[in-house]
Amino acid sequence: MSVPGPSQWLVLIVFVPLLAAVAAVLWPGRGAGRWLTVLTGLLTGGGLLSLSARLLDAGEPVTHALGGWPTPLGIALYADGLSLAMLWLTWVVMSAASWHADAYNPAHGIDEALFRPLWLACWCALNAVFVSGDLFNVYVVLEISTLAAVPLVAIAGGRAALTAALRYLLFALLGALVYLLGVALVYGRHGRLDMHGLEITPEPAMLLAAGLVTAGLMAKAALVPMHVWLPPAHSRAPAPVSAILSALVVKAAVYLLLRLWTWTWPELINGAAWVLGGLGAVAMIHGSVLALLQVRLKRVVAYSTVAQLGYLLLVFPLASLLAWQGVVMHAVSHGLAKAGFFLAAGNIMHLLGHDRLQGMRGISGGPLALTMFALALSAVSLMGLPPSGGFLAKWLLLQAALEAGAWGWAALLLIAGLLAAAYLFRVLAILLARDTPDPLAAPGSDRHVPTAMAWSALTLALGSAVLAFAGEPLLRLFSIGSPDIMTGSTGP
Amino acid sequence: MTGFTLPAAMPLYTMATSLVAAVLIFALGETRGRARTVVNVAAAVVKLLFVFAMLVAVWQGQEFEVRLPMGAGLELLLIADALSLLFITLSALLWLLTTVYAIGYLEGAPQRARFFGFFSLCVAATMGIASAGNLFTFFIFYELLTLATYPLVAHRGTADALRGARVYLAYTLAGGVALLAGIVWLEVLGVDTTFTPGGQLDDHDVGPALRGAYWLLIAGIGVKAAMVPLHGWLPIAMVAPAPVSALLHAVAVVKAGAFGIVRVVLDVYGSERAGAEGLLLPLAVLAAITIIWGSVRALAQRDIKKRLAYSTVSQVSYITLGIALGGPVAAVGGLVHLVHQGLMKITLFFCAGNWAETLEIKRIDQLNGVGRRMPLTTAAFTIGALGMIGMPPVAGFISKWYLGLGALQAGAPWAVAVLVASTLLNAAYFLPVLARAWFAPPPEHWHERFDGLRAETLLALLIPTLLVAAAALAVGVFAALGASPLAWAEFIIREEYLP
């Protein structure tokens, strides 16, 4: 058997986690689950290396027609710079979160037989979203990701988690329904569903379709005003699940928004660009202000996700290669930092048994030293300060805004950065306080944070810091296959 | 060129000494105190050796440069030119002494690993600021310095400490935003922001855009340089432990601000061009207002550290004033004050720390007769205070002499009046302190905590204090020698004005 070529890898990175998920149902033990996850990581990692090498080498996207049928008859898989950015992010976050879960799950009574298949199915679905080029396919895999994520939220049990999961399910299903309605309109009018080949012109029916699809995706992405399900779901879930929900699952829906508005109906963007950008702005401010008001650590982080997703929508009004690079960099660095932050928050909860901020006064140090580093480093990236990928992203977006003479967007970016610093330093200050007895010094608290949990959080945080220093090759990779509307070849 | 050639990446290696020290200190943890001390001191000594080697090499004409492309045309650029080395030498020298002092000061205190880890990180960031070769690099380390100093200001963890740290952060992060906006704006306008003697404006028209970017940069950097009205954080951040105050005031933070203003004026906009476009006069006026205002506020303080803080507000603006007056002589005065103020102010803070640690003296009215109980510390304080007033032969006199000459040469006699007024005010807030310390009758009995020590206080506190005081005196007395800060400042200005 010969080594698979890059385009076959496109298929394998989807099917390897799928097969692993099936295998995890057949062999439900903890040991088997762990090995299946490692195997999935190794194989998909190899595939991503091969794909990246090919992409950087050729300088253009890789495609693969399933079964040899060309579009619009068959289904095409597709990977460009954006796809690879998201695939790599998925790989790193899933690997680190799996490592964390190895120690977290047994300590918190999470049922392995249930967890592992859902976890791997979610991985499969995410990879599939990022290589799909077809409106209906994407619907299917996005649904799989949701249907795997919802039970993962509720997996730890408890009334609050169940309520949060059900609310999440409700929003996701409604979103899916509305999305499907839009897709049906497109199919009825054009008779094909490949995102790249459709040439949609501004007409009332298609505007409606674009609006429906966008609304559906916004519900899934928790973009303001359809964000209310996210904070409870992301804060009630077990730590590794929170990490992948905030870093990856919601971002899959935003990813699709980017794809559709730049590939499928770029002609409709005039006007819509400002609406989308405006919603992003509202999310950035609203999410940050609410994050500032929370009294529980995980809810601060969850509202921070609401705010940070808003940045990604700024690409529409700014529409330039710089903005595109900035947004992709932001998606990746936010993913790493946010996942690192959630894992670190999980470590604190592991020791304290709660995540009330007031109960955390002065816990920096001791068994939590590494966790604190992870928390602080992630925070630096989230507020867009150097040295971090978040900083590079903010710089690129700011430069894009000033080059376009868009003072308003530039001011928004700067203000949002300050707000992020405000809600994150509020947390860090509480951890540094020393006005009460150290909660960890209480008699009988000889617990420690397992190595896997401390280092997985730190690895992600370091990753988001190191991104800044790998900016040169990364931005080159991210720009491959960037849409015409961003590079200025056509469009507004 | 005779002798030796150093690797071009020396600035990076020099910064690495502090970075590696920071990582090691964090990794060693709280309990391994002896190993931590070894790492601390060894790193500071190695760094100092590197810096001296670079000084010699730069004097002989070698150039240092390290580049790392960051994508989208951005570049991390570290250099070591004469101006960098002025700041690097000061911070490396004072880092060693402050480290020794801090080890003594924090003996037995909790969370020392965290303290010294961030302390080293702070020095690494300062080193980055000093050796930044363009505004992008400068900004990265400028923000890093904010982040690394925050846990130091908050170190004690009390409500006061956290409040001080919060105010500090609010000011500096807001300043960072202005700075970032200014830098990106300059890039968008097509100005090369690599530091070059004579500036980078070339044939750019100085319109509202370039002026706007200039004032954004000055406002952003002015926060750390504590220019009125952006100085509010400095007195409040006084809650930090004494070595941190020394670091903030003499080695790192306010110096980073003053140094940034020097870079922007001399190496981005260019002194002549900025002067011709009328960008310098308002800056000089702001500096003059800060000098007077800081001194007036210092008079009103009863707390020793607060009085010193306002004195810093005033003194750091001498540097800005020297640069903003726009002639070579005034610029020499400003640059040399970067070093002189550092030496004198760190002496004063060390002394304040010694008094507080040994006799729990915090307020000026508690200083009566302290000269009898702690004569060496009080003598050191006297040297620092007289230097601040500008009394020859202490370092401060040299600075004021050059600033005054420079003001006349630049046709700004009003600046001489500002200097005279400031000198009178300095005397008004320092001389009564000295009189009290030496001549007032001491209280019945001092706090007895350190009785039984052979010296007047711990040697780890006393020796650095005496060394910096001696240095503050020596750079003044030997200013005419070839190896003095003054000679080095003249060397820099020759390059800037006669490139």
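Reader: At what angle do the axes of helix α13 and helix α17 of chain B cross?
Author: This is a predicted model, to start with. In it, the axes of α13 (residues 304-325) and α17 (residues 395-409) of chain B cross at roughly 30°. They come within 10 Å.

Reader: So what do I call α13(B) relative to α17(B)?
Author: Roughly parallel. Angles under 35 degrees count as roughly parallel, which is why the label applies.

Reader: Is the crossing of α13(B) and α17(B) left-handed or right-handed?
Author: Left-handed.

Reader: Which residues in α13(B) and α17(B) meet?
Author: From α13(B), Y318(B), L321(B), G322(B) and L325(B). They meet S399(B), L403(B), G406(B) and A407(B) of α17(B).

Reader: What about their classes in the contact of α13(B) with α17(B)?
Author: That contact has 5 nonpolar and 3 polar residues. None is charged.

Reader: New pair. How do α10 and α13 of chain B pack?
Author: Helix α10 covers residues 253-269 of chain B. Its angle with α13(B) is about 10°, and the axes are 10 Å apart. That makes α10(B) roughly parallel to α13(B).

Reader: Why quote both an angle and a distance?
Author: Because two packed helices are described by the angle between their axes and the distance between the axes.

Reader: And which hand is the crossing of α10(B) and α13(B)?
Author: Right-handed. The crossing of α13(B) and α17(B), by contrast, is left-handed.

Reader: Which residues in α10(B) meet α13(B)?
Author: On the α10(B) side, V254(B), A258(B), I261(B), V262(B), V265(B) and L266(B). On the α13(B) side, T312(B), V316(B), I319(B), T320(B), I323(B) and A324(B).

Reader: Nonpolar, polar or charged, in the contact of α10(B) with α13(B)?
Author: By class, 10 nonpolar and 2 polar residues. Charged residues are absent here.

Reader: Let's change topic. How many residues of chain B are in contact with chain A?
Author: 30 residues of chain B, in contact with 32 residues of chain A.

Reader: Which elements of chain B supply at least two residues of that side?
Author: β1 (65-71), α5 (135-153) and α6 (159-188) of chain B.

Reader: Where does the largest share of that side come from?
Author: From α6(B), with 14 residues.

Reader: What classes are on the side of chain B that touches chain A?
Author: It has 21 nonpolar, 4 polar and 5 charged residues.

Reader: Now whole chains. How many helices and strands are in chain A?
Author: Chain A has 19 helices and 2 strands. Chain B comes to 20 helices and 2 strands.

Reader: What radius of gyration does chain A have?
Author: 21 Å. A compact globule with 492 residues would be near 23 Å, so chain A agrees with that.

Reader: What box do the C-alpha atoms of chain A fill?
Author: Roughly 70 × 55 × 40 Å along the principal axes. For chain B the box is roughly 70 × 55 × 50 Å.

Reader: What percentage of the residues of chain A count as buried?
Author: 61% of the 492 residues. In chain B, 62% of the 499 residues count as buried.

Reader: Last one. How many contacts in chain A join residues at least 24 apart?
Author: 81%, among contacts between residues at least 6 apart in sequence. On that basis, chain B has 80%.

Terms used. Residues are numbered from 1 along each chain as its sequence is written. Chains are lettered from A and ligands numbered from 1 in the order in which they are written. This is a predicted model: local features need pLDDT of at least 70, side-chain atom pairs count only at pLDDT 80 or more; totals for chains, interfaces and linings use all residues. Axes are lines fitted to C-alpha atoms, for helices over the stretch in contact, and angles run from 0 to 180 degrees between N-to-C directions. Helices (H or I, at least four residues) and strands (E, at least two) are DSSP runs, numbered from the N terminus. Angles under 35 degrees count as roughly parallel, over 145 as roughly antiparallel, 65 to 115 as roughly perpendicular and the rest as oblique. A crossing is left-handed if the near helix is turned anticlockwise from the far one by less than a right angle, and right-handed if clockwise. Two residues are in contact if their C-beta atoms, placed from the backbone, lie within 7 Å. Ala, Val, Leu, Ile, Met, Phe, Trp, Tyr, Cys and Pro count as nonpolar, Asp, Glu, Lys and Arg as charged, and the others, Gly among them, as polar. The radius of gyration is taken over C-alpha atoms; the globule rule is 2.2 Å times the number of residues to the power 0.38. A residue is buried if 20 or more other C-beta atoms lie within 10 Å of its own, exposed if 12 or fewer, and partly exposed in between; C-beta atoms are placed from the backbone.
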